[in-house]
Amino acid sequence: MNFKNTLIFLAFYLFVASCEAPKAPVEEEDGLPINRIDDTQPRNVIFILSDDHRYDFMGFTGKVPWLKTPNMDKMAAEGAYFPNTFVTTALCSPSRASVLTGLYTHSHTVVDNQAPAPDDLIYFPQYLQKAGYETAFIGKWHMGDANDDPRPGFDHWVSFKGQGTYYAPNLNINGERIQYPDSTYMTDLLTQHAIDWMKNRKSDKPFFLYLSHKAVHAEFAPAKRHLESYENEEIFFPPSFNTSKPQVTGKNPDKPYRTDNYYGAGRTPDWQKMQREGWHGVDFMYHGRMDFETFFKRYCETVRGIDESIGQVTGYLEENQMDQSTLLMYMGDNGFSFGEHGLIDKRHFYEESVKVPFLVKCPEILQGGQVINKMIQNIDIGPTTLEAMGLETPKHMQGKSFLPILKGNDIAWRDKIFYEYYWEYDFPHTPTMHGVRTGRYKYIRYHGIWDTNEFYDLQEDPNEMNNLIASPEHQERIKELAGEIYDWLEGTDGMQIPLKRTIKRRWGDHRNENIY
């Protein structure tokens, strides 16, 4: 081809290229690519996160007959309830990091409540901020232990150190520290900050508001107006309350016990039996600081403050004609046990720990009163928010946008979820574990401990009381699920356990308290 023909060919190629369908523009600032979705009108998004609120402790579920949550009930009636919503790790900091990054715990490496977040983590609000939208974070951050300095991605910042306090909060407001009086209740204060920020915005840009509550984290402290409001109600105990009550089987002087002869009926793991007497067990909860009945009632009373917070936010949206177009989401950062398997708290992969409440409302795109049974995870919040605000999901994120599901579109979606939890120095009663849950079956695989793994048929055994790990009829299925756990870990670079430097005296372990 001579030079003249080369020029003609090049001109023709450029002409054809210019006629191709336009792609979403890519903007890159500070190394952060912004991919806008064509023909999308960004909408405002509000995400409300609570702490330790289990999935079924809401009035409309009927789990606790006397628990009143009128605003959650209203949100479910006017929006959608997702009963199959799960976290990837049932612990505050790892779960919150997964919400903000769209990554599994082994990827973001915030493995416990003390681990600082790596400096190179990207939080999804950074994309919104770079796209020109307004962003605000108000409440509990809890990554990096006691550090409450403003984080990337937020134009407005209100937070506190560590777990914070229910009364007399000390807040970091855009770098300025403010101490509030003893009568100030944290849930009310954070809600007021959220509403004030919406009121005082001077821009007509789309906004993202992240309201992140301390409640209902232990040790529970309800608002004074709610204290003892359930004092005369009758509590109940779950069917599995006593499964961990038998002692760990001792040595046999003649020959070792084997298989079911060691574990007994139901094949309860030894770690569960031992944890029953620990910080997170029902026999000596929080080392004996609270009895079970008080624990149950104070929790439910503390939930009422969260419910009122939701009501105040939705009330503001309605008063300002923003309720139809705003995407409002409510979620818990992990579940919570109330005596199931003789345990309290979270961390483990049982249903009451890994499942969280999730309510969504946006009348412009979502018909009210729906119960959507798709499996949603906390890693999906970022991708969904980005799409609702007109941005594509970054390729490195492991979650998926469920916005098409809200719109009623039939899309390919996950049919299983994966789980991981990493042993903690202060709370060694719960071992490292990985797991997988399908619509019917759950497999839990422990690491670094001499104990039984677990396998449950959730359809036949919803309370997870009959461990079928040794059942001959399920061995092929268990083997397949074990392979899927490794496929997941290998496919997401998760085969290395993310260790953190921990040199401190223990405080949550009564057998080794205050020693290194």
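This is a predicted model: local features need pLDDT of at least 70, side-chain atom pairs count only at pLDDT 80 or more; totals for chains, interfaces and linings use all residues.
**Exercise 1.** Classify the packing of helix α2 against helix α9, and list the residues that make the contact.

*Solution.* 
- Two packed helices are described by the angle between their axes and the distance between the axes.
- Take the axes of α2 (residues 70–78) and α9 (residues 292–319): they come within 7 Å and cross at roughly 50 degrees.
- Parallel counts as under 35 degrees and perpendicular as 65 to 115, so α2 and α9 are oblique to each other.
- On the α2 side, the contact uses Pro70, Asn71, Met72, Lys74 and Met75.
- On the α9 side, Val303, Ile306, Asp307, Glu308, Ile310, Gly311 and Glu318 take part.
- By type, the contact residues of α2 and α9 split into 6 nonpolar, 2 polar and 4 charged.

**Exercise 2.** Find the largest nonpolar core and trace the contacts of Met329.

*Solution.* 
- The largest nonpolar core holds 67 residues.
- Phe47, Phe208, Met329, Phe358, Phe402 and Leu406 have the most contacts inside this core.
- Set aside the neighbours of Met329 within four places in sequence.
- Met329 then touches Val45, Ile46, Phe47, Ile48, Met75, Phe358, Leu359, Val360, Ile381, Thr385 and Phe402.
- Another core, of 64 residues, lies apart from the largest one; Tyr185, Leu190, Ala223 and Phe338 are among its members.

**Exercise 3.** Is Glu392 buried, partly exposed or exposed, and where does Glu392 lie?

*Solution.* 
- Glu392 sits in the loop between α11 (381–388) and α12 (403–406).
- Its relative accessibility is 39%, so Glu392 counts as partly exposed.
- Along the chain, Glu392 and Ile37 are 355 residues apart, yet their C-alpha atoms are separated by 6.2 Å.

Technical notes: Residues are numbered from 1 along each chain as its sequence is written. Side-chain values use heavy atoms; hydrogens and water are left out. Axes are lines fitted to C-alpha atoms, for helices over the stretch in contact, and angles run from 0 to 180 degrees between N-to-C directions. Helices (H or I, at least four residues) and strands (E, at least two) are DSSP runs, numbered from the N terminus. Angles under 35 degrees count as roughly parallel, over 145 as roughly antiparallel, 65 to 115 as roughly perpendicular and the rest as oblique. Contact means heavy atoms within 4.5 Å. Ala, Val, Leu, Ile, Met, Phe, Trp, Tyr, Cys and Pro count as nonpolar, Asp, Glu, Lys and Arg as charged, and the others, Gly among them, as polar. A nonpolar core is a set of buried Ala, Val, Leu, Ile, Met, Phe, Trp, Tyr and Cys residues joined through side-chain atoms within 4.5 Å. Buried means under 20% relative accessible area, exposed over 50%, partly exposed in between (1.4 Å probe, protein chains only).
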